[in-house]
Amino acid sequence: MTTPGTSVPLLRLTLPRRLDVPARAHEVLAAVPDDAEVLAYDAPAAALARALRRSRRAGTPGNDALVAPLDALGDDPVLVRQVDLGNEVLTVLHRSSDGAFLSAAVVDRSAGVETISAAALATLLAATAAPGADRALELVRLLAPDDPVRRFEQGARSTAETFATKYGLAAERGSTVLDLESFVAAVSRFGDDDLPFCALDVPGAVVTVAFTPDRTAVLATTIARRSADDQGEDRS
């Protein structure tokens, strides 16, 4: 979601040009359109540092650059802004209290991508009692059994907040969104921890699945069915 006062033009203005800011960060901002979606949320510095250190990118130069200034801030809130360009994601951190720049990094999400096969995902969906899993299973079965589905980690609370906003608005615009409340409730219980997710773009709908932290079971599902106008645009 793009929060008030957060935009690509603003990021271009506020991202400093100095040695600890990768040149690629400025290149990403130059390449994305002015109205590109900016994901923005606040998180306590200490909790964000723990999440980054637990992530699959822990120890990489970009991840370490993001973490470096956080330990000194304790539980002070940090504003996280993220912009996507293809497989790359630019993350910029600012101190929430005064807007001071903290760090930035660009990560290629295609490197070391984790996947789960459609067949394995179907097995997990069939075994869970999560609301709406039966509907998600029907859509997953439209895929070939060996089709890979990308699985990724991201913050539980920030994901819950983003879904509540993004798909709440989608419902107002005419999309049918199923099991959103149960998905948000189940995911938000994990607070600032990271959770594994996968998202499937199938004809007429987007299916999002949240997994338990150990990846052995499905935690929650939600399905956003596109409105007739959106499906018409997809076909054009």
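Mentor: Let's start with a pair of strands: E8 and E9 run antiparallel and are joined by six bridges. Keep in mind that this is a predicted model.

Trainee: What makes E8 and E9 paired strands?

Mentor: Pairing takes at least two bridges, and E8 and E9 have six, so they count as paired. One of the contacts on E9 is Val206, the bridge partner of Asp201.

Trainee: Which strands make up the sheet, and in what order?

Mentor: Six strands form an open sheet, ordered E5-E6-E8-E9-E10-E7, with antiparallel pairing.

Trainee: Why are E5 and E7 called edge strands?

Mentor: Each has a single partner strand, so one side of E5 (114-117) and one side of E7 lack a neighbour in the sheet. On average, neighbouring strands here are turned by 25° against each other, direction ignored.

Trainee: What packs on this sheet?

Mentor: Helix H5 (residues 118-127) does, touching E5, E8, E9 and E10, with its direction at about 70° to that of E5. Helix H6 (residues 133-140) lies across E7, E8, E9 and E10 and runs at about 70° to E10.

Trainee: How do you know that the length of H7 agrees with what a helix should span?

Mentor: At 1.5 Å a residue, its 17 residues should span 24 Å, and the end C-alpha atoms are 24 Å apart, so the two values agree. Among the buried residues of H7 are Phe163, Tyr167 and Ala170. Just after H7, Gly174 has a positive phi of about 115°.

Trainee: Which residues of H8 are buried, and what do they pack against?

Mentor: In H8 (residues 180-188) they are Leu180, Phe183, Val184, Ala186 and Val187. Their packing partners are helix H7 (156-172) and strands E7 (176-178), E8 (194-202), E9 (205-211) and E10 (218-225).

Trainee: Now the charges. What makes Arg151 and Glu114 a salt bridge?

Mentor: The cut-off is 4 Å between a side-chain nitrogen of Lys or Arg and a carboxyl oxygen of Asp or Glu. The closest N and O atoms of Arg151 and Glu114 are 3.1 Å apart, so the pair qualifies. Arg151 lies in strand E6 (residues 148-155) and Glu114 in strand E5, so the pair ties together parts 37 residues apart in sequence.

Trainee: Why is Arg151 called buried, and how about Glu114?

Mentor: Buried means under 20% relative accessible area. Arg151 has 10% relative accessibility, so it counts as buried. Glu114 is at 16%, so it is buried too.

Trainee: What other salt bridge does Glu114 form?

Mentor: Glu114 also pairs with Arg215, the closest N and O atoms being 3.0 Å apart. Arg215 sits in the loop between E9 and E10, so this pair ties together parts 101 residues apart in sequence. With a relative accessible area of 16%, Arg215 is buried.

Trainee: How do you know that Glu153 and Arg215 form a salt bridge?

Mentor: Their N to O distance is 2.8 Å, and the cut-off is 4 Å, so the pair counts. Glu153 in strand E6 and Arg215 in the loop between E9 and E10 are 62 residues apart.

Trainee: Why is Glu153 called partly exposed?

Mentor: Buried is under 20% and exposed is over 50%. Glu153, at 26% relative accessibility, falls in between, so it counts as partly exposed.

Trainee: What links these four residues together?

Mentor: Glu114, Arg151, Glu153 and Arg215 are linked in a network of salt bridges. The structure holds ten salt bridges.

Notes
Residues numbered from 1 in each chain as written. Predicted model: local features only at pLDDT ≥ 70, side-chain atom pairs only at ≥ 80, totals over all residues. Heavy atoms only, no water. Buried < 20%, exposed > 50% of the residue type's maximum accessible area, 1.4 Å probe, protein only. Helix = DSSP H or I, 4+ residues; strand = E, 2+ residues; numbered from the N terminus. Contact = heavy atoms within 4.5 Å. Expected span 1.5 Å × (residues − 1). Axes fitted to C-alpha atoms, helices over the stretch in contact; angles between N-to-C directions.
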